[in-house]
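Try each task first, then follow the solution step by step.

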Amino acid sequence: MEWLITGFLTLWLVLSAMATVFMKNPVHVILSFLSVILAMAGIFMQLGAELLAGLQLIIYAVAIVVFYVLVITVIPWEKVKRFEGVYKEELMMGLPFFLLAFILMSYLILKGEFASPLGVATKENVRDVGKALFTSYLFPFEVASVILLVAMIGAILFGRKEE
């Protein structure tokens, strides 16, 4: 039964991720991305990592999706439509890097250290994750917040009406 649930969540995650990449309507992209977040939280719950599932839902489903909705409402889509169909060269240039990264990650997952399970999360593990997040990784967390703030300000400046 566990494999059936994991298979369902994995299929849901992959289909939602593909829909996020290939859909053209920005609202549908956000809904697909939200579906990715929910499927990933379900996988975390299946693995017994309730803290990660909660963080996934709080950080991504609330903060990032609200940020995306703000960006979509601010950007004038007449300007964006002028640039449709320009990304074929970028896709061809990025495809070899994607394939190389996919092959390397597959090898690491199947043959490397990631292949062996580390154990079950305990209450001490949750405490250690919280301590590491607010001590060792506080600066990268704040840098990510500043980057998101700059991106939001850039979207607002990009979307304002020209006079």
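**Exercise 1: A glutamine among helices**

Glutamine 56 touches Ile37, Met40, Ala41, Phe44 and Ala61, not counting residues up to four places away in sequence; contact means heavy atoms within 4.5 Å. Before going further, note that this is a predicted model, in which local features need pLDDT of at least 70 and side-chain atom pairs count only at pLDDT 80 or more, while totals for chains, interfaces and linings use all residues. Residues are numbered from 1 along each chain as its sequence is written, and side-chain values use heavy atoms, with hydrogens and water left out.

Task: Find the helix that holds glutamine 56, and decide whether glutamine 56 is buried or exposed.

Solution. 
- Step 1: Locate glutamine 56 in helix α3. Helices (H or I, at least four residues) and strands (E, at least two) are DSSP runs, numbered from the N terminus.
- Step 2: Apply the cut-offs: buried means under 20% relative accessible area, exposed over 50%, and partly exposed in between (1.4 Å probe, protein chains only).
- Step 3: The relative accessible area of glutamine 56 is 13%, so this residue is buried.
- Step 4: Check the span of α3: its 25 residues reach 35 Å from first C-alpha to last, close to the 36 Å expected at 1.5 Å a residue. The expected span is 1.5 Å times one less than the number of residues.

**Exercise 2: The nonpolar cores**

Task: Work out which residues make up the largest nonpolar core and which element gives the largest share of this core.

Solution. 
- Step 1: Start from the term: a nonpolar core is a set of buried Ala, Val, Leu, Ile, Met, Phe, Trp, Tyr and Cys residues joined through side-chain atoms within 4.5 Å.
- Step 2: The largest has seven residues, namely Ile30, Phe33, Ile37, Ala61, Ile64, Val65 and Ile72.
- Step 3: Two or more of these residues come from each of α2 (26–46) and α3 (50–74).
- Step 4: α3 gives the largest share, four residues.
- Step 5: Another core, of five residues, lies apart from this one, and Leu9, Leu13, Ala39 and Ile43 are among them.
- Step 6: Look around phenylalanine 33, which is in contact with Thr20, Tyr60, Ile64, Val65 and Tyr68, leaving aside neighbours within four places in sequence.

**Exercise 3: Aromatic pairs**

Task: Say how many aromatic pairs there are, and classify the pair of phenylalanine 8 and tryptophan 12 and that of phenylalanine 98 and phenylalanine 102.

Solution. 
- Step 1: Rings of Phe, Tyr and Trp (its six-membered ring) pair if their centres lie within 6.5 Å; planes under 30 degrees apart count as stacked, over 60 as edge-to-face and the rest as tilted.
- Step 2: This rule gives two aromatic pairs.
- Step 3: The ring centres of phenylalanine 8 and tryptophan 12 are 6.1 Å apart with planes at 40 degrees, so this pair is tilted.
- Step 4: Both residues lie in α1, four residues apart, about one turn of the helix. Phenylalanine 8 counts as exposed at 55% relative accessibility, and tryptophan 12 is partly exposed at 29%.
- Step 5: For phenylalanine 98 and phenylalanine 102, centres 6.4 Å apart and planes at 25 degrees make the pair stacked.
- Step 6: These two phenylalanines are four residues apart in helix α5 (residues 88–111), about one helical turn.
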